[in-house]
Amino acid sequence: MKKLLCSLLFCAGVAWAGPEDMSKFDDSPLGVQKAVYQFNLEKPEDLYQALGYLNNHLNGLKEFGTLKGSHIVMVAHGNELHMLSRLNRAAYPDIYDRLKALGDLGVSFRVCRNAANFRGYKPGDFYDLVTVVPAAMTDLAKWQQKGYTYISGDVINRSKRVEFLQKHPEILD
């Protein structure tokens with residue numbers, strides 16, 4: 001009888017749920033996290049948004065997890081390498097400070113030597129915060145073998161709700 005009553009109550013709750021019901025927020029503790037991000041960006045300036053992903057990850061750990069003991073690794077092998085090179089500081093004067101701030105919070109920056117060579121850079125051409133590795137793919141595999149969660153850091157053209165509403169005025173009706 002108890003099972004039948006519980007089943008009926010569950011079905012009734014499901015029947016009452018609908019498209020106007022609010023979503024839920026999961027604030028369960030995150031604990032310590034180890035993650036490796038892969039960046040292979042088309043435009044060098046996309047690195048600003050990509051670094052925002054790392055910053056958001058750290059902010060999430062500060063609020064819901066444990067920053068101490070957590071570690072985030074960024075492995076780069078796209079055109080973002082131009083921003084990571086100290087030779088290009090005049091074009092991106094603020095990038096070193098952004099990298100340093102993330103590095104101070106435990107983010108490690110790694111660059112693929114193959115991608116660097118293709119773009120005309122030598123291992124010593126990057127900021128002191130960057131470690132050049134033989135190949136991005138082998139470095140990603142290494143971190144995953146150590147238990148790090150792989151995250152693909154794809155950068156997309158983001159839009160805000162106000163922009164969405166301009167394209168869909170029927171929502172406002």
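This briefing looks at helix 6 and at two methionines, one in helix 3 and one in helix 6. Please keep in mind that the model is predicted. Helix 6 spans residues 136-145 and has buried residues as well as exposed ones on its other side.

- Ala136, Asp139, Leu140 and Trp143 are the buried residues of helix 6. They lie on the same side of the helix because they cover an arc of only 100 degrees around its axis.
- Turn to the other side of helix 6 and you will find Thr138 and Gln145 exposed.
- The cover over the buried residues includes strand 1 (34-39), strand 2 (71-76), strand 3 (107-112), strand 4 (130-133) and strand 5 (149-152).
- Just after helix 6 comes glycine 147, with a positive phi of about 95 degrees.

**Methionine 137, in helix 6**

- Methionine 137 belongs to helix 6 and counts as partly exposed because its relative accessibility is 48%.
- Not counting residues up to four places away in sequence, methionine 137 touches Gln38 and His77.
- Glutamine 38 is 99 residues from methionine 137 along the chain, and their C-alpha atoms are separated by 9.2 Å.

**Methionine 83, in helix 3**

- Methionine 83 sits in helix 3, which runs over residues 81-84.
- With a relative accessibility of 1%, under the 20% cut-off, methionine 83 therefore counts as buried.
- Leaving aside neighbours within four places in sequence, methionine 83 has contacts with Pro44, Glu45, Leu47, Tyr48, Tyr92, Ile95 and Tyr127.
- One of these partners, leucine 47, is 36 residues away in sequence and 7.6 Å away in space, C-alpha to C-alpha.

Conventions
Residues numbered from 1 in each chain as written. Predicted model: local features only at pLDDT ≥ 70, side-chain atom pairs only at ≥ 80, totals over all residues. Heavy atoms only, no water. Buried < 20%, exposed > 50% of the residue type's maximum accessible area, 1.4 Å probe, protein only. Helix = DSSP H or I, 4+ residues; strand = E, 2+ residues; numbered from the N terminus. Arc of directions from axis to C-beta. Contact = heavy atoms within 4.5 Å.
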